[in-house]
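Please look over the model shown here before reading the notes that follow, which are grouped by topic.

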Amino acid sequence: MQSTVTPTHCPYCALQCGMNLTPAPDGTVEVSERTDFPVNRGALCGKGRTSAAVLASNVRLTSPLVRDEGGTLVPASWDEALERIAAGLGRTRAEHGPDAVGVFGGGGLTNEKAYTLGKFARVVLGTSQIDYNGRFCMSSAAAAGIKAFGLDRGLPFPLEDIPKSGCVILVGSNLAETMPPSLRFFTELKENGGTLIVIDPRRTKTAEQADLHLAPRPGTDLALALGLLHLVIAEGRVDEGYVGERTAGWEDARAAAMAHWPEYVERITGVSVPQLRETVRLFCEPESAMVLTARGPEQQSKGTDTVGAWINLCLATGRAGRPLSGYGCLTGQGNGQGGREHGQKADQLPGYRKLDDPAARAHVAEVWGVDPDSLPGPGRSAYELLDALGTDIRSLLLMASNPVVSAPRAAHIEERIRSLDFLAVCDVVLSETASLADVVLPVTQWAEETGTTTNLEGRVLLRRRAITPPEGIRSDLEVLHELAARLGVEKGFPTDPEEVFEELRRASAGGAADYSGITYRRLAEENGVFWPCPAAVEAAGDPAGETPAAHPGTPRLFLDRFATPDGRARFVPVSHRAIAEEPDDEYPVLLTTGRVVAQYQSGAQTRRVAELNAAAPGPFVELHPRLAARLGAAEGDPVAVVSRRGRAVAPARITNAIRPDTVFMPFHWPGEGRANTLTNPALDPTSRMPEFKACAVRLEAVER
Ligand code: SF4
């Protein structure tokens with residue numbers, strides 16, 4: 001084991017906080033403050049502080065597992081496990097064709113792994129059926145950003161710009177719980193005289209920090225944004241010069257907004273007209289302002305339009321592509337951003353290229369050394385892929401994801417997974433999904449391997465290997481290398497992350513997410529580099545792109561022009577529509593889902609950490625005292641929440657911090673309290689994002 005301090009980054013959320021790792025003589029690893037990384041300046045949340053516990057956890061997988069004839073998972077050699085996977089995937093491909101083999105990735109995979117997984121699916125398996133759980137995270141914001149700006153990058157500016165802005169509207173984000181170190185940017189905003197407006201159906205810890213908190217009915221953010229734009233127009237606050245010079249499509253968007261009278265919007269959202277007017281005043285009066293969205297407005301069956309409406313508000317008021325102003329998405333997963341830039345999304349190739357673009361296919365095919373015509377076309381989105389398991393898709397290779405807990409309509413998805421002919425899972429622990437597999441491969445964790453991630457600012461970062469992995473464990477890159485060879489592709493799947501990154505640079509060159517000017521050495525020296533970062537013209541003769549004239553990276557996007565063909569941002573005309581499943585007599589209450597500070601996503605890792613479990617031991621149903629009284633439920637009583645898709649039971653947590661027509665459940669747990677048993681997989685027509693944030697339920701009292 002190495003004994004030096006290794007500066008690296010947290011394995012969990014998209015903030016990618018900097019941390020130092022120091023191996024101790026007893027085999028444990030100490031996580032300590034790293035103050036030189038500007039995103040968190042040493043601060044870590046409980047998840048980051050305890051992240052090393054999973055490295056030494058006694059529930060960690062240390063040997064491949066295969067299912068024996070009696071149906072039990074038993075330890076096996078690597079050779080046997082890899083042979084079984086190659087045979088399982090190969091048999092399906094031979095009998096049913098390449099698209100009968102699916103691949104499902106994760107937003108936690110490094111750029112190198114995401115890139116290699118996408119290449120493996122298309123080159124080795126020849127399947128179009130690949131997507132990843134990042135589709136559930138921010139794809140609506142990505143789709144809206146591409147429509148409006150011609151480019152999707154979570155934040156178009158560094159987090160350090162936030163405190164200098166005049167006003168920030170935070171829509172559907174509880175970052176005090178999801179990424180606590182980021183809260184200081186908003187505290188500093190207020191200290192500097194700026195205003196924080198939080199929009200959330202719950203009075204969250206984040207909302208408590210706000211100067212103004214609006215609590216709309218879940219699923220009505222689209223109407224809310226349209227009502228604000230209506231008032232901007234009616235009060236003469238449109239920045240006509242900016243709209244004329246830097247945008248297109250204003251008239252249609254204007255007409256759509258004018259149909260959303262404040263009183264009409266008040267009836268839809270529950271937000272009063274005076275609150276709407278106050279929001280417009282606070283947003284429009286300062287010289288600069290921002291809108292930041294997160295999963296609240298995005299995880300809806302109209303998420304793309306909802307984000308589009310918030311972008312329209314920014315464009316009409318001249319708050320995009322200007323200093324300290326703009327629209328941004330607070331990406332959630334550790335590498336959700338990089339994961340979709342480099343090819344594990346159903347419709348994308350590396351460099352954020354489109355799979356249906358002939359020029360993009362030709363460029364990437366050349367880097368991969370294959371015929372462009374051999375590359376499959378776009379495949380199904382994440383939920384649609386999972387829904388097709390056991391029918392069109394007979395075998396699945398799954399990495400770094402736990403859809404049995406995290407997918408919407410989870411009981412149905414669990415049933416689909418159980419109906420597969422063959423399932424192989426790579427993970428660090430026996431997650432709920434891994435426990436259903438025919439073969440499970442134990443893989444390295446973040447501190448045991450080197451790789452890059454791209455945080456929510458579009459800052460590409462180097463995570464360094466700090467310790468040697470336990471014996472018997474291999475990296476995902478080694479797994480893909482071995483499987484490719486067993487499936488007949490001997491070359492093109494290196495196991496060295498830097499070698500993969502060098503190929504990724506070439507594959508991304510000239511694409512929207514151009515990494516060609518980024519090297520491991522630069523990442524180590526510069527504390528991260530913002531994409532796009534093309535290899536500079538002056539450095540063209542230098543394969544490492546490291547001459548003094550190398551491109552500096554792009555911390556701030558759109559200041560001169562947007563990434564559209566004519567450089568103008570596009571207004572998108574959108575109108576309010578209801579959520580896919582409105583409450584009715586049978587299911588009269590709205591359910592919304594989300595996160596708690598001590599758990600991460602499906603909890604596969606954080607539920608294995610004693611300190612985090614002590615802080616957040618299980619699910620709960622948050623409900624208003626009036627709803628609790630109607631149900632006859634006291635604090636801690638078990639409450640059943642029933643939707644058209646199933647039933648979940650969890651203790652009541654009674655609070656005035658939630659609307660009386662809404663209940664909230666966190667989604668980190670499996671079993672009886674699994675919130676995603678209830679959620680609605682209704683998809684956004686553009687982003688294919690499921691509607692996690694709002695569905696109709698009824699509550700039932702349960703005997704203790
Ligand atoms: Fe890790 Fe996110 Fe917590 Fe930072 S905020 S320590 S990146 S989980």
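Which residues does Thr6 touch, not counting residues up to four places away in sequence? Thr6 touches Met19, Asn20, Leu21, Arg464, Arg465 and Ala466, where contact means heavy atoms within 4.5 Å. This is a predicted model, in which local features need pLDDT of at least 70 and side-chain atom pairs count only at pLDDT 80 or more, while totals for chains, interfaces and linings use all residues. Residues are numbered from 1 along each chain as its sequence is written, and side-chain values use heavy atoms, with hydrogens and water left out.

**Overall fold and surface**

- The protein holds 24 helices and 30 strands, both taken as DSSP runs numbered from the N terminus, with helices (H or I) of at least four residues and strands (E) of at least two.
- For 704 residues, a compact globule would have a radius of gyration near 27 Å, and the 24 Å of the protein agrees with this; the radius is taken over C-alpha atoms, and the globule rule is 2.2 Å times the number of residues to the power 0.38.
- Taken along the principal axes, the box filled by the C-alpha atoms of the protein is roughly 70 × 70 × 50 Å.
- Of the 704 residues in the protein, 65% are buried, a class that means under 20% relative accessible area, whereas exposed means over 50% and partly exposed lies in between (1.4 Å probe, protein chains only).
- The accessible surface of the protein comes to about 23,400 Å², and carbon and sulfur atoms account for 49% of that surface; the areas come from the Shrake-Rupley method with a 1.4 Å probe, and for residues only the protein chains shown count as cover.
- Among contacts in the protein with a separation of 6 or more, 74% are between residues 24 or more positions apart.

- Thr6 is found in strand E1 (residues 6-9) and is buried, with a relative accessible area of 6%.
- Although Thr6 and Ala466 are 460 residues apart along the chain, their C-alpha atoms are separated by 5.7 Å, and Ala466 is among the residues that Thr6 touches.
- Pro494, in the loop between helix H20 (476-486) and helix H21 (497-508), is buried at a relative accessible area of 17%.
- Leaving aside residues up to four places away in sequence, Pro494 touches Leu477, Glu499 and Val500; from C-alpha to C-alpha, Pro494 and Thr116 are 8.9 Å apart in space and 378 residues apart in sequence.
- Ala359 belongs to helix H16 (residues 358-368) and is exposed, with a relative accessible area of 54%; the C-alpha atoms of Ala359 and Arg568, 209 residues apart along the chain, are separated by 24 Å.

**Backbone geometry**

- Most residues other than glycine have a negative phi, and most peptide bonds are trans.
- Trp531 and Pro532 are joined by a cis peptide bond with omega at about 0°, and Pro532 lies in the loop between strand E21 (529-530) and strand E22 (569-570).
- Arg409 has a positive phi, near 50°; this residue sits in the loop between helix H18 (403-406) and helix H19 (410-418) and is partly exposed, with a relative accessible area of 30%.
- Gln601, which is not a glycine, also has a positive phi, of about 45°; Gln601 is placed in the loop between strand E23 (589-594) and helix H23 (610-615) and counts as buried at 15% relative accessibility.

**Cysteines**

- The structure holds zero disulfides, a disulfide being a pair of cysteine sulfur atoms within 2.5 Å.
- Cys167 is buried, with a relative accessible area of 0%, and the closest cysteine sulfur to its own is that of Cys284 at 8.8 Å, which is too far for a bond.
- Cys314 likewise counts as buried at 0% relative accessibility, and its sulfur is 10 Å from the closest cysteine sulfur, in Cys284, again too far for a bond.

**Surroundings of the ligand**

- The residues around the ligand are Cys10, Tyr12, Cys13, Leu15, Gln16, Cys17, Leu44, Cys45, Lys47, Gly48, Met179 and Pro181, each with a heavy atom within 4 Å of it.
- By class, this shell has nine nonpolar, two polar and one charged residues, where Ala, Val, Leu, Ile, Met, Phe, Trp, Tyr, Cys and Pro count as nonpolar, Asp, Glu, Lys and Arg as charged, and the others, Gly among them, as polar.
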